[in-house]
Amino acid sequence: MTSQTTVDSTGPGGKTPADPSDGSPATGLRGHPWFTLITVAVGVMMVALDGTIVAIANPAIASDLGATFAEVQWITNAYFLALAVSLITAGKLGDRFGHRQTFLIGVVGFAAASGAIGLSDSIAFVVTFRVFQGLFGALLMPAALGLLRATFPAEKLNMAIGLWGMVIGASTAGGPILGGVLVEHVNWQSVFFINVPVGAVALVLGVLILLDHRAENAPRSFDVLGIAFLSGAMFCLVWALIKAPTWGWGDGMTWAFIVGSAVLFAAFALWETKVREPLIPLALFRSVPLSAGVVLMVLMAIAFMGGLFFVTFYLQNVHGMSPIDAGLHLLPLTGMMIVGSPVAGALITKLGPRIPLAGGMAATAIAMYGMSTLETDTGSAVMSVWFALLGFGLAPVMVGATEVIVGNAPMELSGVAGGLQQAAMQIGGSLGTAVLGAVMASKVDSDLPANWTGAGLPELTPAQLDQASEAVQVGVAPVTKGTPEVIAAKITDVAHDTFISGMSLASLVAAGVAVVAVFVALLTKRGENAEAGAGVGHI
């Protein structure tokens, strides 16, 4: 079909760049479709990698900086929340000021924030700069998709987006392995320092290769109040989920934040119907397949990110693996995502997204159920089966999300839809860590006192029990210095058994979320705009 997206195809000095939509290669490097893909892939790789690479570093960060379980959660949550809340706004900034400029600013800012985290000596600074990482990362994601749409011809755009999605999937899954190597052989700071040279490469490539593209009908105002409503709603929701284990689910403060979140979401929805240029045009959600695609991304990320958060603690603190060994044990997950992505892309092209997405979420549900059966002495072979199945299940969702969401959006709103797709994944990741973290904390708080007493261990004061519970939530045995060996062994057994019970319940919840996602996936379909390209000059 003929695409109708409008962008400025003039290069520097008003010259029209080579037209890739006619099948001929671009003249030189600037604006070349495949070099553009490589450039944006390098930048996006940093953002996707940092979503999971920190999972392996979390235990080392907690130990080095003396962070609590809730503070460790915020290392992940702060990044995901800032990224998710800013993505759609960042997409509008790209439409207004040019995707090339926003991409380059995002690269520089992300690399600088990463370096600042590596130099931080307190958990407060780490969390603060993780917020800046998320904000600058948000500039990168929609800009990358916008550049691909404006550069590739219609017949090659889907292939480019598939490869782009594959980079995101492989980077997300490969984070724990790279993190394991860096934490074990260098230090946890190197997990962040590595983004500095990668950012420099992306910046150089961007300056040399990327061609500026502007939408003709670019927004002239920004929905500041809408941004405030959405940001406040997300903060209240996740804060309530994180603090509920401490405050209690029946506590007034917990419900105050939950109710506050609901009110802000309602205010956001109402405001979006009145503002001239809304942050998220609610007309997008009139499409059932598009809405299903967004919900599917959220549910997938809850199961994946939330489950992965505890697996790293299980491997390192319960099995006693080094960071690199833990990363290598997750290789089946990474490998199956990389192998499964092109297979999923081919199936989605042939069959449409419905069957591959539903099948992928069914496999994810089975994998999460399998992970709920893990014990303190489970062997590597059994773990590998469940990790591989999880990677195979996630691949179709990672690859097919763009077609389902962007393809079902009107062409004039495709940029917003692209930002919405990424926002859904990031919000889901943040909620997954918070929700499953709350499940874990509640289960540990419930089981630890009885398990401790049942093992014949000395009675703990309420304060000591709280400290022990925080340690057990990440799989650490609360053994104090000078504790007799026999008592230390009993404490370790109780701690690990209690952690396993919490992780099992969290995995079952994740499996339930994935089952719901199977039915949501059945509502998806290939959109009318799925084949629309954005070749320069013929878009």
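Residues are numbered from 1 along each chain as its sequence is written, and side-chain values use heavy atoms, with hydrogens and water left out. Because the model is predicted, local features need pLDDT of at least 70 and side-chain atom pairs count only at pLDDT 80 or more, while totals for chains, interfaces and linings use all residues.

**Aromatic rings**

- Rings of Phe, Tyr and Trp (its six-membered ring) pair if their centres lie within 6.5 Å; planes under 30 degrees apart are stacked, over 60 edge-to-face, and the rest tilted.
- The count by this rule is four aromatic pairs.
- Phe125 and Phe129 are a stacked pair, 6.5 Å centre to centre with 20 degrees between the planes.
- Both lie in helix α4 (residues 123–151), four residues apart, and are separated by about one helical turn.
- Helices here are DSSP runs (H or I, at least four residues), numbered from the N terminus.
- Phe125 is partly exposed at 44% relative accessible area, and Phe129 is partly exposed at 24%.
- Burial follows relative accessible area: buried is under 20%, exposed over 50%, partly exposed in between (1.4 Å probe, protein chains only).
- Trp188 and Phe192 form an edge-to-face pair, 6.2 Å centre to centre and 85 degrees between the planes.
- Trp188 and Phe192 are both buried.
- Phe125, Phe129 and Phe132 make up one aromatic cluster.

**Charge over a ring**

- The charged end of Arg130 sits over the ring of Tyr79, 4.2 Å from the ring centre.
- The criterion is NZ of Lys or CZ of Arg within 6 Å of the ring centre and within 35 degrees of the ring normal.

**Packing of α1 and α7**

- The axes of helix α1 (residues 33–65) and helix α7 (residues 195–209) come within 9 Å and cross at roughly 155 degrees.
- Axes are lines fitted to C-alpha atoms over the stretch in contact, with angles from 0 to 180 degrees between N-to-C directions.
- α1 and α7 are therefore roughly antiparallel, a term for angles over 145 degrees.
- Residues of α1 including Phe35, Val42, Met46 and Asp50 meet α7 residues, among them Asn195, Val198, Leu205 and Ile209.

**Ser507**

- Ser507 lies in helix α17 (residues 485–521).
- Ser507 is buried, at 5% relative accessible area.
- Leaving aside neighbours within four places in sequence, Ser507 is in contact (heavy atoms within 4.5 Å) with Met368, Met371 and Ser372.

Conventions:
Helix = DSSP H or I, 4+ residues; strand = E, 2+ residues; numbered from the N terminus. Parallel < 35°, antiparallel > 145°, perpendicular 65-115°, else oblique.
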